[in-house]
Structures are given as structure tokens and as C-alpha cells.
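This report describes parts of a structure with two chains in plain terms. Have the sequence and the model at hand while reading.

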Amino acid sequence: MRLYGTEIASRLLLGTAQYPSPAVLAEAIRTSGTAVITVSLRREGPGGGGFRDLIAQAGCHLLPNTAGCHSAQEAITTARMARELFGTDWIKLEVIGHADTLQPDPFALVEAARVLCAEGFKVFPYTTEDLILGERLLEAGCEVLMPWGAPIGSGQGLRNPEGLRSMRAHFAGVPLVIDAGIGAPSQAAAAMEMGFDAVLLNTAVAKAADPVAMARAFGLAVQAGRLAHEAGLMPRRDMAAPSTPIFGMAELL
Amino acid sequence: MRLEVNGTPQELRATTLSDLIDELGYEAACVATALNGHFVPLGLRGATPLSEGAKVEVLAPMQGG
């Protein structure tokens, strides 16, 4: 998979927040097989140095986010600070429209994407399955779209599968990453079977009873789902169809 | 002068942003800075004067989703 011209070895992108300990986080990154981890920036407090070392040792591409920003201006300033601090022009652009639903503010998102793309950022916008919004983001200069599966941290999976299917068909050839709302490996596999290029998740691993094992489960599910997509799923039928041939049946009555 | 650093008002001697980073003991290359909501790159901190009541943000890498 290529994102902004960079070959990425894994289709699972993993968040680094909310793990029980830095050691568990480091091990979860390893067992997931991920090649891209999301990071953030916050007011400097004690313990900051440890996290710097951890992300350096993880050997993954870093995708800093603008989580918590509620305006284009905040997100733009955060992105500029992240670029200097993490030494990457990749930015997961989140502009939150409502504190409870954490859904994106589409208008501010496009505004911020336009400014950041013009400044040379490689913008990964956290968006909805809205097709026109997706087109506006591409016009702004984004080369990747990251539609939500469900609200951040909700674990509801793919809440609007038909809408996501339409989005996949509409943006053939554009890397689409399902970002947010994934709660179980089966949901990640379903997204991959639908033809999404990758899945980005955090809470489902971090809040699992055993995050390290769950990280591996998600890594395998994403691989399985991708393989299934490439293999081509059988067409769905409304009626039963025998799988064992009728021809050559014995007459036993 | 009276400055607000990461939301906490404090009295500091610093007159430039780079002075402030030194005075508070931050490692200059390990933090990103903003003054009154605008990003100030590392190379411009020395040439960025502070004025009374300025709001400074000093940010570091943190876990994120």
C-alpha cells in the first residue's frame, strides 16, 4: 500500500493512547505488525522523554494528529507544531464539530486541509462517508481520505456500511482508511473485505483485556480481510444452492 | 514580566521565547512552541520578543489516537 508515495508494509494503523503501560504499548505495536502509529502533542509534563524514546524504538512511520482541535486555526497551528516536533509532514487532520459526538466539522476540515496542503503537508483527513465532502478534500490537495466507521472510541464498527460501500466505489483509486469506531477484529476484516485500503484504530486494542493479544488479532484480521478482498468474495444469493453436486446421486429409496 | 505558560500565569525574567525555554528548563529541540496562538519555529524563538501577558504554549510528544 502506498500513502503519499510511501510504501507502507501493513494495512493496520495503530493509535498509541490509553494503554495500561508504555511496555504494553511497545509490545502491542510489535505484535500488531503495524508500520504507522498515530501520536499527538500536549503540554509538556513529566515523563515526556520516555514516550519520545518509545516511538523512536518502534521504528514506525509517525502520523501526528490534531485531536481535540475544534477550529481550523487550532488544527493548523497544531499541525505546524507537530511537523517540527516529529520531523514529518504527515498530519492526521481532525477538526471536531461537537464535543459529545466527536464528529468532524466538515467546513472547518476543508478550510484547514486547504491551508495545510498548500504548505506542503500530507494531510490524512478524518472525515465522514459524505461523497461531496470527500471530493472537496481531494480538491484541497488531500491524497488519502479517512472516513469514520463509527464515532471515535465507540467500538460500534461500520455504522453505515452501505454509505461506506458507495464511498469506496465513488473514490476508486484513492486510498481510503477507515478511521475510528472499530471495536472488534471482525469489523476491521469487514472493512477490508469491502475494499478499504487500511484501518486505523486505537481504543479497541488499548482497552482490550489483553492489548498485546488483541493487537495481534487485529493484525491478522486486517490481513485476512485484505486477502479476501483480493480473492474476490462470492456473490450473495437470496436462496440456498447446494454445494455438493446433485448429479450422480444414488437412488436409495 | 507576567506571562502565561501552558495555562499557568507566572513571573519570569525571559524577554524572548528562547530565554523562556531556557529559564523553565525545557530541552529546546524536544518541544514545539506557540505564542498567542501562532506557531513559532525553533529557529525564530531567539528573535521572538515576549510582551506582558503573552500566552505561551510549550508542547511535547504525547500518546494519541
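Strand 7 (residues 122-127) of chain A is joined to strand 8 of chain A by two bridges, and the two strands run parallel. Strands here are DSSP runs of E with at least two residues, helices are DSSP runs of H or I with at least four residues, and both are numbered from the N terminus. Two strands count as paired if DSSP finds at least two bridges between them. Tyr126(A) has Met146(A), in strand 8 of chain A, as its bridge partner.

The model is a predicted one, so local features need pLDDT of at least 70 and side-chain atom pairs count only at pLDDT 80 or more, while totals for chains, interfaces and linings use all residues. Residues are numbered from 1 along each chain as its sequence is written, chains are lettered from A and ligands numbered from 1 in the order in which they are written, and side-chain values use heavy atoms, with hydrogens and water left out.

**A sheet in chain A**

In general, the strands of a sheet pair through backbone hydrogen bonds, either parallel or antiparallel.

**Strands 3, 4 and 5 of chain B**

Antiparallel pairing is found in chain B. Strand 3 of chain B pairs with strand 5 of chain B in the antiparallel sense over four bridges, and Ala32(B) has Leu59(B), in strand 5 of chain B, as its bridge partner. Strand 3 of chain B also pairs with strand 4 of chain B, antiparallel over three bridges. There, Leu35(B) is the bridge partner of His38(B) in strand 4 of chain B. The hairpin of these two strands has two residues between the strands, and Asn36(B) in the hairpin takes a positive phi near 50°.

Which way do the side chains of strand 3 of chain B point? Ala32(B) and Ala34(B) point one way and Thr33(B) and Leu35(B) the other way, and all are buried. Buried means under 20% relative accessible area, exposed means over 50%, and partly exposed is in between (1.4 Å probe, protein chains only).

**The interface of the two chains**

The contact (heavy atoms within 4.5 Å) takes 24 residues from chain B and 23 residues from chain A. About 2100 Å² is buried between the chains, and carbon and sulfur atoms give 62% of this area. Buried area is the accessible area (1.4 Å probe) that two parts lose on being put together, summed over both.

The rule finds two salt bridges across the interface. A salt bridge is a side-chain nitrogen of Lys or Arg within 4 Å of a carboxyl oxygen of Asp or Glu. One of them links Arg45(B) with Glu84(A), with the closest N and O atoms 3.5 Å apart. On the side of chain B that touches chain A, strand 3 (32-35), strand 4 (38-40) and strand 5 (55-63) of chain B each supply at least two residues. Strand 5 of chain B gives the largest share, seven residues.

| Residue | Relative accessible area | Class |
|---|---|---|
| Glu27(B) | 54% | exposed |
| Asn202(A) | 8% | buried |
| Tyr4(A) | 12% | buried |
| Gln18(A) | 43% | partly exposed |

Glu27(B) is in the loop between helix 1 (17-23) and strand 3 of chain B. Its C-alpha atom is separated by 19 Å from that of Gln63(B), 36 residues apart along the chain.

Asn202(A) is in the loop between strand 10 (198-201) and helix 8 (203-206) of chain A. Not counting residues up to four places away in sequence, Asn202(A) touches residues of both chains, including Gln18(A), Gly64(B) and Gly65(B).

Tyr4(A) lies in the loop between strand 1 (2-3) and strand 2 (6-7) of chain A. Its phi is near 50°, a positive value in a residue other than glycine. Gln18(A), in the loop between strand 3 (12-15) and helix 1 (22-32) of chain A, is not a glycine either and has a positive phi of about 75°.
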